[in-house]
Amino acid sequence: MRITVMGTGYVGLVTGATFAAAGHDVACLDILPERVAALNAGECPIFEPGLPELLKAGLASEKLRGSGEMASEITEADLTFICVGTPSRNDGSIDLAQVESAAAAIGDALASGERKHVVVVKSTVLPRTTEDLVLPRVLERSGRDRASVGFAMNPEFLREGSAVADALQPDRIVIGAADGLARARLRLLYAGAECPVLECDPRTAEMVKYASNAFLAAKVSYTNEVANLCEAWGIDFATVAEGMGLDDRISPRFLRAGAGFGGSCFPKDVKALRTAAAAEKLPVAMLDATLVVNESQPLLLVAWARDALGSLKGKRIALLGLAFKPDTDDVREARAAVVARALLDADASVVGCDPQAAANFTALCDIKIAASAEAALDGADCAILMTEWPEYAALPPAVFAERMARPLVLDGRRALDAKALRNAGVEYRAIGLGGNK
Ligand code: UDX
């Protein structure tokens, strides 16, 4: 099939490269010529394991290309995927400006052709957006009738850091088609899928995405709340999680206690759902609680630093890891930023390190950056592990014991070896680890 993809962020690029790998003819569209040129030169604008290789393979096979020829690419394609961003506004509501302009651009392009076309929304949008915003906008701008343009919502479930694997081996596909044309083309596109395929209407597909992300976010907040109780009562939450996870109604996944969730999806999606529900006066106590726990959870680490050090003024605190999770350079809603800001407010001297995300982080928060974990730990009064990068988990205990002014380690991801650190004389405290005090 011939496919165009609007939006060259991580969802657009991964989606485009995956369809190209499956043998489809894919054009990733961008209005900026330099982005198109970079893509065609094989440059990957984001850090996403496996994506540079997938893009290069697509370009080499001539199944994938970047293009700025919006109108001709769309009119000649069978399907256009909208993969643009849907960020949060300051009040938590969803900003649909990019979706709206993508729909307008598709409409303008379709005005010049007659070939049947299907518009698929992959961006995360609130229920009814595909039917009430994208559909009318495309039809109005194209002057086409409903029979010649199909519409569907087909959510992505891509985790940053493993987006390529998630796209190549999805665990489910949701096709929310508004009409037979869209349903038929998406069935054909996903015909080879080896996972369950759920067919529904667009608003249900939109809700599946929100309900999934909000559930996982709630699971993390619930995990963290219970882990804090365990810590206080001398119970190791890791064993509790193991016991819970043996119940297949619960599943062992997403039961990792820590400093809370960040990233481009969970915080934004929970806020968007909450704001939309509030506008309709629907109670959303679970969503509220999910966010409340997630805001207070990282501050627990700052409270622990105070417990041990008293005033934080002038104390050198090392933050190990700044990305919202390992294997990404994304710092959006990173819990490290919540901790860093609280430490800076307390006049601490904050020095951070991260294998990928340091530059992105300093644009968010003005801390010192060390070139390595060792350099960050040199002379530190306290180290807080914020991102469980494998290289930090593998640091020998002696690095903490010998380099730090006071070997106090607070583990916000429960990734370090408690026994080995304590044996090396390190004061170690971790979220959910009973017997910390
Ligand atoms: C998420 C969804 O998983 C994905 O399906 C969706 O399409 C996009 O949003 P992502 O944000 O990339 O993906 O990361 P994910 O691996 O889900 O983790 C989200 C956050 O939760 C991270 O900050 C992570 O550290 C945290 N987390 C996750 C925990 O604290 N504990 C867990 O057990 C799992």
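The model is predicted, with local features needing pLDDT of at least 70, side-chain atom pairs counting only at pLDDT 80 or more, and totals for chains, interfaces and linings using all residues. Residues are numbered from 1 along each chain as its sequence is written, and side-chain values use heavy atoms, with hydrogens and water left out.

**Exercise 1. Classify the pair Phe19 and Tyr190, and state what the pair ties together.**

Step 1. Recall the rule. Rings of Phe, Tyr and Trp (its six-membered ring) pair if their centres lie within 6.5 Å; planes under 30 degrees apart are stacked, over 60 edge-to-face, and the rest tilted.

Step 2. Search the whole structure. Four aromatic pairs turn up. Phe19 and Tyr190 are one of them, at 6.1 Å centre to centre with 55 degrees between the planes, a tilted pair.

Step 3. Phe19 sits in helix H1 (residues 10-21) and Tyr190 in the loop between helix H8 (180-189) and strand E8 (197-200), so the pair ties together parts 171 residues apart in sequence. Helices (H or I, at least four residues) and strands (E, at least two) are DSSP runs, numbered from the N terminus.

Step 4. Check burial. Buried means under 20% relative accessible area, exposed over 50%, partly exposed in between (1.4 Å probe, protein chains only). Phe19 is buried at 8%. Tyr190 is buried at 13%.

Step 5. Ring pairs link Phe19, Phe81 and Tyr190 into a cluster.

**Exercise 2. Decide whether Phe254 and Phe266 are buried or partly exposed.**

Step 1. Take the pair geometry. The ring centres of Phe254 and Phe266 are 6.0 Å apart and the planes stand at 55 degrees, so this pair is tilted.

Step 2. Locate both rings. Phe254 lies in the loop between helix H10 (237-245) and helix H11 (266-279), and Phe266 lies in helix H11, so the pair ties together parts twelve residues apart in sequence.

Step 3. Read the accessibility. Phe254 has 27% and counts as partly exposed. Phe266 has 13% and counts as buried.

**Exercise 3. Find which atoms of Glu160, Leu255 and Lys325 lie by oxygen atoms of the ligand.**

Step 1. List the contacts. Glu160 places a backbone N or O atom 2.6 Å from a ligand oxygen. Lys325 uses a polar side-chain atom, at 2.9 Å.

Methods
Polar contact = N/O pair within 3.5 Å; in protein donor to acceptor, adjacent residues only side chain to side chain.
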